[in-house]
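The structure comes first, then the points by topic.

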Amino acid sequence: REAGVDEADVVKTDGRYLYVMKESSAEISIIDTEKGLKKVGSIRMADTVNTNEFYLIKDEKRLIAITSERTDSQEDSYLSGNQKVVAITYDISSPEKPKKLGSVSQSGTYTSSRFSDGYLYLFSEYYIGGEPIKDRPETFVPMVGDSLIREKDILLPSSMQGCMYEIVTVIGLDNPSEISDSKAIFTNGGELYVSSNNIYYYETEWS
């Protein structure tokens, strides 16, 4: 844990309201604690979406849900588990009626996230599955938003092998539908640590 670097959870509070992710992962309940415990609102997800965890930014009255969405289209059948990670930002200034403000998606399965200085850092793992097709980069390059991640934003470690990407996307709280920056590390898998100034990514080198 790092001072000034927030981590997501499944229960948050602003001092009055409790925000609780239900066990089904399909809903975040909003509970008023002023006079007992009374459910006053909720954020419901679509049938194809599961909530992993979420952030509560109290001063700005915002909630960011980190979700996973499975796609079943044949066109996407070669992608990493047919999954993408989506960060959805809501205005909760009126807890009874949360309002969706925007979302950003990226390929892969959810790894982790952090929130610091008004920015969300979203991490996912994108495994290369099936048989990549040389002239179809969408079969071996991850998507960030609606576009393939740019060639200059793919980082290659010195090792001569890899089977997946670790993707990190940066999203500003003021522009929750826009990508501020993104990078992808071609790797065999690893772990990450986020300080107030840097992101550290390390992988195990197998013999």
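Rings of Phe, Tyr and Trp (its six-membered ring) pair if their centres lie within 6.5 Å. The model is predicted. By this rule, three aromatic pairs are counted.

**Pair Y55 and F115**
- The ring centres of Y55 and F115 are 6.1 Å apart and the planes make 45 degrees, a tilted pair.
- Y55 belongs to strand β5 (residues 49-57) and F115 to strand β9 (residues 109-116), so this contact ties together parts 60 residues apart in sequence.
- Both Y55 and F115 are buried.

- Y126 sits in strand β10 (residues 119-127) and Y165 in strand β14 (residues 164-172), so the pair links parts that are 39 residues apart in sequence.
- The relative accessible area of Y126 is 1%, which makes Y126 buried.
- Y165 also counts as buried, at 6% relative accessibility.
- One aromatic cluster is formed by Y126, Y165 and F186.

**The sheet**
- An open sheet with mixed pairing is built from five strands, ordered β9-β10-β14-β15-β13.
- β9 and β13 (154-155) are the edge strands, each pairing on one side only.
- β13 runs parallel to strand β15 (residues 181-187), and two bridges join them.
- In β15, A184 is the residue opposite I154.
- Strands of a sheet pair through backbone hydrogen bonds, in either parallel or antiparallel fashion.

Key: Residues numbered from 1 in each chain as written. Predicted model: local features only at pLDDT ≥ 70, side-chain atom pairs only at ≥ 80, totals over all residues. Heavy atoms only, no water. Phe/Tyr/Trp six-rings, centres within 6.5 Å; stacked < 30°, edge-to-face > 60°. Helix = DSSP H or I, 4+ residues; strand = E, 2+ residues; numbered from the N terminus. Buried < 20%, exposed > 50% of the residue type's maximum accessible area, 1.4 Å probe, protein only. Pairing = 2+ DSSP bridges.
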